[in-house]
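Work through the exercises below with the sequence and the 3D structure at hand. Try each task before reading its solution.

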Amino acid sequence: MRILSMPLIVATLLVGCSEDPEPKSPDSGASQQDAGVPGDDAGVPGDDAGVPGDDAGVPERDAGVPEEPLPSGPPVPQGPPNVPEFDPAFPGQTRVPAIQTKTPIQVTEIASGFRNPWAIAFLPDQRMLVTEKATGSLYIVTQQGTKSPKVSGLPAVDARGQGGLLDVEVGPDYATSQLIYWTYSEPRSGGNGLAVARARLVDDAQPRVENVQVIFRMMPTLESTMHSGGRLVFTPDGKLFVTLGERSILAGRAQAQDVKSHFGKVVRINPDGTVPQDNPYRNNPNAKPEIWSIGHRNVLAAALDSQNRLWTVEMGPQGGDEVNLTEAGKDYGWPTIGYGEEYSGAPIHTSPQAPGMEQPVYYWDPVIAPSGMTIYSGTLFPEWKNNMFIGGLAAQTLVRLMMRNDRVVGEEHLLKNLNARIREVVQGPDGALYLLTDATNGKLLKLTPQ
């Protein structure tokens, strides 16, 4: 373990997003040969490779104590929008004032040598499960950086493009069941698709999983290496949210608002894969009963706020990354509405608004390429209470959003000096933030006060 940097002085952190207006390579979102078909999202490796509510977006205050004034001033420096003709639907929907963390931050490298790591989950003793997207490998890592042998027994993955081994979560009943859950791109006859599996973790010198069960499969099967989604979020009542992409290619994109398909959806299941009785489409014979919400592009970030509401952040095309409060039965508009355009510069939408379709709480144009998020509830950084943190791939930054009354009121871009793509951010049991950098020598980092 070593210290990467001493105090991260805000003046150096508030450098603008890395621009990538014309992605050229799989690592930055190359466009496809077919006109109008988007490529890998900005900042997504190729083969080599919550906004809180009224009392959740701002700390609780005693009656009669005035709220702190809202931030003011210019936004975080960034380039011009790709689609300047689309105006935001309301003030503060994009480019809010820049803010600065006052607490000096220490960045500690816990471990390195991961090949494109994707997710972190904490075991009860604060050791971590860490997935490697590209190799389909799972490791147990101690707080001191000791890495276990590869956990054996996981099923094969299709690791091309944006596939591979993705998220991992520890079951809510782990103390008695030892169950862990993970998402992966499952190779199938005729293509592939995201799957959710669970198994008992045998945690010994040669760790392994036993009694593997696939509890959910994205359907239909399609041949695509992109837009799998794959984040898992357990709720306090034991339900499991799974985020799903629309596979990027036009045949998949067209199904994002089709309730007969899982593409471009958030789904909600029980831990055994069965469908909760109160799911919004359960009684619709023409719909997939697992569906929670529709009209998403590729959701790679999801978290609950202090009211246990689900917030997601999804990748836009060229412009139009979105923060959404993701509620039951609602349509989030893709591909009908949005704030971006094709990588070729061709238009996708005639308007960013339409009746019956939700507006994002916040959006970015140009994009940050979001992946991984947490809503801070710890005590190490009191000024971060109930703020949202989002990993930026193309932007190579950790994005902090200050919230008030379900709106973004301030934005900060942290860790720009690392020059690293941030794939994952989670809050640890100790109140620190833990990050993964997306690289062939990916690192596990820890953020604490200096």
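The model is predicted, so local features need pLDDT of at least 70 and side-chain atom pairs count only at pLDDT 80 or more, while totals for chains, interfaces and linings use all residues. Residues are numbered from 1 along each chain as its sequence is written, and side-chain values use heavy atoms, with hydrogens and water left out.

**Exercise 1. Confidence**

Find the average pLDDT of the protein chain and the pLDDT over residues 4-63.

Solution. Start with the term: pLDDT is the predictor's confidence in each residue, from 0 to 100. The protein chain averages 89, and 85% of the residues score at least 70. Next take residues 4-63, where the pLDDT is below 50. Beyond near neighbours in sequence, this stretch has 203 contacts in the model (a contact means heavy atoms within 4.5 Å). Where pLDDT is low, the predicted coordinates should not be read in detail.

**Exercise 2. The sheet that holds β18**

Give the strand order of the open sheet that contains β18 and name its edge strands.

Solution. Strands here are DSSP runs (E, at least two residues), numbered from the N terminus. Two strands pair if DSSP finds at least two bridges between them. The order is β18-β19-β20-β21, with antiparallel pairing. The edges are β18 (370-375) and β21 (407-414), each of which pairs on one side only. Neighbouring strands are turned by 25° against each other on average, direction ignored (axes are lines fitted to C-alpha atoms, and angles run from 0 to 180 degrees between N-to-C directions).

**Exercise 3. The largest pocket**

Describe the volume and the lining of the largest pocket.

Solution. On a 1 Å grid over the protein atoms alone, a pocket is an open set of points where a 1.4 Å probe fits, with protein on both sides within 12 Å along at least five of seven lines; lining residues have an atom within 4 Å of a point. The volume, the space filled by probe spheres set on the points, is about 950 Å³. The lining has 37 residues, and E169, V233, F234, T374 and Q427 lie nearest the centre. Elements giving two or more residues to the lining include β10 and β18. By class, the lining residues are 22 nonpolar, ten polar and five charged.

**Exercise 4. Backbone details**

Where are the residues P335, P366 and N116?

Solution. The peptide bond from W334 to P335 is cis, with omega near 0°, and P335 sits in the loop between β16 (321-325) and β17 (362-364). Another cis bond joins D365 and P366, with omega about 10°; P366 is in the loop between β17 and β18. N116 is not a glycine, yet has a positive phi of about 50°. N116 lies in the loop between β2 (105-114) and β3.

Note on methods. Helix = DSSP H or I, 4+ residues; strand = E, 2+ residues; numbered from the N terminus. Nonpolar A, V, L, I, M, F, W, Y, C, P; charged D, E, K, R; others polar.
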